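Trainee: Could you take me through how charged side chains are read in a model like the one we are about to open?

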Amino acid sequence: MENARMDYRFTALLIVMLCLLAFFGGPAKSDTTQSNTSGSNTAIEGGYTSTATTTYQSGSESTSTTNNTTNSDIRSSPPSAAAPSYNSMTQDVCAVGVSGGIQTFGFGVSGGKHTIDKNCERLKLARILNDFGMKVAAVAILCQDERVFESMIQAGTPCPIDGKIGKEAKQLWGKYDHERPDYDTYVKRMKDRKKADLEAQKQMTKELDAMDKAKAEEEAKSKKNIEWKDPR
């Protein structure tokens, strides 16, 4: 009989303890916050709190609290900036389309425009002038290119200037050399030639001095050999 009562008390105490644990502990809750922006995906998970309190028969209590916070920051690459395409519309237009773009996180920019190909225009104009029989004018417009101008000079047929051709044109180009399309290259070449001429002149002077010295030594040696002495 006494054992049955003790078992009953133990069972009742166990039920009371379980009820207290369920009432004070409560379910664990979590708090999750997520924000999405262009190029960034940020998720913040936290606020996880769990508290459990246990009361023993003697009246003492044991409390346990657990806090857990998790932060995650995920960055993804944004879409690339697309550069627009530009066409020259027709085949008889010396225009070239140029476009470009740049993209960073959260910001991108792109653009484009048409540019004129001067060499293409020069060739077309020279071809038209030549078809009209204006051969000198066709050569003159080609001479606006410094490569053509230099090749004409090297060939001994200078480009036309002020209505002059041949030797007269060469004289005018020498007088007004600042009007040459290859003026910068021409000035640099003239400086290099002047420097080379000075080096050659120094070398020639050095060689002439050496020849004069050798000749003087040879003459002194010959004079010593033919010097007359009185036999008495």
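Mentor: A salt bridge here means a side-chain nitrogen of Lys or Arg within 4 Å of a carboxyl oxygen of Asp or Glu. This is a predicted model, in which local features need pLDDT of at least 70 and side-chain atom pairs count only at pLDDT 80 or more, while totals for chains, interfaces and linings use all residues. Residues are numbered from 1 along each chain as its sequence is written, and side-chain values use heavy atoms, with hydrogens and water left out.

Trainee: Why is K164 called partly exposed?

Mentor: Buried means under 20% relative accessible area, exposed means over 50%, and partly exposed lies in between (1.4 Å probe, protein chains only). K164 has 36% relative accessibility, so it counts as partly exposed, and E168, with 46%, is partly exposed too.

Trainee: How many salt bridges does a search of the whole structure find?

Mentor: Side chains of opposite charge can pair when their charged atoms come close. The search finds six salt bridges, and one of them joins R189 and E150 at 3.3 Å, N to O. Because R189 lies in helix α6 (residues 183-225) and E150 in helix α4 (residues 146-154), this pair ties together parts that are 39 residues apart in sequence. Helices are DSSP runs (H or I, at least four residues), numbered from the N terminus.

Trainee: Are R180 and D182 buried or exposed?

Mentor: R180 is buried, at 9% relative accessible area, and D182 is buried as well, at 3%; their side chains meet in a salt bridge of 3.1 Å, N to O.

Definitions and conventions. Helix = DSSP H or I, 4+ residues; strand = E, 2+ residues; numbered from the N terminus.
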